[in-house]
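Me: I am new to this structure and would like to go through it in questions and answers. Please show it before we start.

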Amino acid sequence: MPDQSKFPPPSLVSVNGVDLEIFEAGEANAGTPIVLCHGWPEHAFSWRHQIASLVAAGYHVIVPNQRGYGNSSRPNRVTDYDLSHLTSDLVALLDHYGYEDATFVGHDWGAMVVWGLALLHPGRVKQLINLSLPYQERGDVPWIEFMEQVFGDDQYFVHFNRHPGVADAVLEQNTRQFLRNLYRKNLPSTGPEPGMVMINLAQAERPLGDPLMSDEELAVFVDAFESSGFSGSINWYRNLDRNWHLLAEVDPVIQHRTLMIYGDRDMIPKSERLTQFVPNVDVISLDCGHWIQQEKPQETNQAILNWLQQ
């Protein structure tokens, strides 16, 4: 295991009918809570480079392993992973610490949850910072149905929904190889390949690009997923159409002060209509791929701290 002296020890907190594994640092109830929300297939440890800088700036840093991840609860029902449950976990976490609101930071799927939190519980969000995944317009067609029409059955969001359990099993049979192959940077430009990309990654014997992290750091993620499996985390994807219905009557415009951080080489496209839905947004782009806060930790920290101090 790597030296985690700078990474806080875990505690289990019971909120909203589940136990969440929480890593926290900084002064509790100092009035400056900031909650860091990981993506898929990640872990609270993906924020390891940000915690010390935020604590030094005076923040109470709260980093949950969200439901389905690490040693947090993994409910069996797929519907227990919809946006209503995921955002209610974060609201209950604020209640646990006695905070009315907080700054929320999300990466990848964590960004989707933070966008959803601002829509469903706007009074509990002070301001928000999202990495990689811009605001997703609801559109006229449920998300999975739309992706299936545009990208076909092998697109991994669609595959997770239309072939439940298939990818879960392949990833669990090849956990270390899959995560080693996924957590890369400086990837060559390659066209789309046939098949389901996550299954292909799990079965590929040689990774592309350069490793994102040390073997010791990678071991934290591998150990976590060898223990938890992947089904709980993949169930987040299996609620996308349910989330589309949940948001039907919600005002789609987020008025909060917002920072959006893109990676210029991320495979997730930048939004051309972001300001239509998030009018008070500042946008920054860094020269990196998808794993922004791990690939460019110093630049990410500086961007976040500069924006917070404005």
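Reply: A residue is called buried when its relative accessible area is under 20%, exposed when over 50%, and partly exposed in between. The model is predicted.

Me: How many of the residues of strand β9 are buried?

Reply: Strand β9 covers residues 258-263. Thr-258, Met-260 and Tyr-262 are buried on one side, and Leu-259, Ile-261 and Gly-263 are buried on the other.

Me: Which strand pairs with β9 over 6 bridges?

Reply: Strand β6 (residues 125-131) pairs with β9 in the parallel sense, but over 4 bridges; there, Leu-128 has Thr-258 as its bridge partner. On β10, Tyr-262 is partnered by Ser-285. The parallel pairing over 6 bridges is with strand β10, residues 281-286.

Me: How many disulfides does the structure hold?

Reply: A disulfide needs two cysteine sulfur atoms within 2.5 Å. For Cys-37, the nearest cysteine sulfur is that of Cys-288, 19 Å away, and Cys-37 is in no disulfide. Cys-288 is likewise in no disulfide. The number of disulfides is 0.

Me: Is Cys-288 buried or exposed?

Reply: The cut-off for buried is under 20% relative accessible area. Cys-288 has a relative accessible area of 0%. It therefore counts as buried.

Me: What is the distance between the end C-alpha atoms of helix α14?

Reply: Helix α14 has 13 residues, 297-309. At 1.5 Å a residue it should span 18 Å. The end C-alpha atoms agree with this, being apart by 18 Å.

Me: In which helix does Phe-151 lie?

Reply: Phe-151 counts as exposed because its relative accessibility is 55%. With Phe-146 and Val-150 it forms a nonpolar patch on the surface, and together they have about 310 Å² of accessible area. The helix, residues 143-151, is α4.

Me: Which residue meets Arg-242 in a salt bridge?

Reply: The N to O distance in this salt bridge is 2.6 Å. Arg-242 lies in helix α11 and its partner in the loop between β4 and α2, so the pair ties together parts that are 160 residues apart in sequence.

Me: How many residues apart in sequence are the parts tied together by Glu-137 and Arg-273?

Reply: The side chains of Glu-137 and Arg-273 meet in a salt bridge at 2.6 Å, N to O. Glu-137 is in the loop between β6 and α4, and Arg-273 is in the loop between β9 and α12. The parts they tie together are apart in sequence by 136 residues.

Me: Where is the salt-bridge partner of Arg-265, Asp-287?

Reply: The side chains of Arg-265 and Asp-287 meet in a salt bridge at 3.1 Å, N to O. The pair links distant parts of the chain, 22 residues apart. Arg-265 is in the loop between β9 and α12, and Asp-287 is in the loop between β10 and α13.

Key. Residues numbered from 1 in each chain as written. Predicted model: local features only at pLDDT ≥ 70, side-chain atom pairs only at ≥ 80, totals over all residues. Heavy atoms only, no water. Helix = DSSP H or I, 4+ residues; strand = E, 2+ residues; numbered from the N terminus. Expected span 1.5 Å × (residues − 1). Patch = residues over 30% accessible without salt bridge, like charges linked within 9 Å, V, L, I, M, F, W, Y side chains within 5 Å. Areas by Shrake-Rupley, 256 points an atom, 1.4 Å probe, with all protein chains shown as cover. Salt bridge = Lys/Arg side-chain N within 4 Å of Asp/Glu carboxyl O. Buried < 20%, exposed > 50% of the residue type's maximum accessible area, 1.4 Å probe, protein only. Pairing = 2+ DSSP bridges.
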